[in-house]
Amino acid sequence: MSSEALTRARAHQPCAACRMLRRRCDSNCMLAPYFPGDEAGKFFGVHKVFGASNVIRMIQMVEESKKEDAVKAIIYEATSRLRDPVYGSAGTIFHLQKMVEELKMQVESMRAQVVQLQEQKNQLLGILMNVRHLDSTSSIHERKFDGGDLMLDEDPLMAYDPITFFTENDWTF
């Protein structure tokens, strides 16, 4: 056999469908573009679920521009049917829709928490602004300082040393 014939034989290896069906794969093989020889697992699942002749019929029914998408959908459905023979891809879709609904509920819960926290923040800022407003309205002349101890009004009991306060008042712990 010449080297040119060997290269032609190697260049056109049978597709996964023809290899599995044990038939000759020629250049007009309808399944070759979608099931290359190195992806035999894809065709195995499709063949097991739909059968080769049904797959060929489905591909022929679709317009040329959408055939690749149709084959991807067939592969996905076959894989889903092998995983879940009862519901197939509908079971997967239902599960994903349920997850979306749960995530929507979580988002709404988070939004409610954000609103609640913003309200708390606004309340705290309001309190802080009132305290600052009261501090700025009281004049420094109203406060009296005596040797570093803060004295309010003239009451000597109000000024205390924190270290000796508890011992002077006979408090026991």
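**A helix and its neighbours**

Just after α3, Gly51 takes a positive phi of about 90°. Keep in mind as you look around that this is a predicted model.

Now step back into the helix itself. α3 covers residues 40-49, and its buried residues are Phe43, Gly45 and Val46. These three sit on the same side of α3, because they cover an arc of only 160° around the axis. On the face turned away from that buried side you will find the exposed residues Gly41 and Lys48.

What do the buried residues of α3 pack against? Their partners are α2 (16-21), α4 (52-61) and α5 (67-83).

Let's follow the last of these. The axes of α3 and α5 are 9 Å apart and meet at an angle of about 70°. Angles of 65 to 115 degrees count as roughly perpendicular, so α3 is roughly perpendicular to α5. From α3, the contact is made by Lys42, Gly45, Val46, Lys48 and Val49, while α5 brings Ile74, Ile75, Ala78, Arg81 and Leu82. By type, the residues of this contact are 6 nonpolar, 1 polar and 3 charged.

Leaving aside residues up to four places away in sequence, Val46 touches Phe35, Gly51, Val55, Ile74, Ile75 and Ala78; Gly51 is the residue with the positive phi.

Finally, look at the largest nonpolar core, which has 18 residues. Leu31, Phe35, Phe43 and Val46 touch the most other members. Two or more residues come from each of α2, α3, α4 and α5, and α5 gives the most, with 4 residues.

Definitions and conventions. Residues numbered from 1 in each chain as written. Predicted model: local features only at pLDDT ≥ 70, side-chain atom pairs only at ≥ 80, totals over all residues. Heavy atoms only, no water. Buried < 20%, exposed > 50% of the residue type's maximum accessible area, 1.4 Å probe, protein only. Arc of directions from axis to C-beta. Contact = heavy atoms within 4.5 Å. Axes fitted to C-alpha atoms, helices over the stretch in contact; angles between N-to-C directions. Parallel < 35°, antiparallel > 145°, perpendicular 65-115°, else oblique. Nonpolar A, V, L, I, M, F, W, Y, C, P; charged D, E, K, R; others polar. Core = buried A, V, L, I, M, F, W, Y, C linked by side-chain atoms within 4.5 Å.
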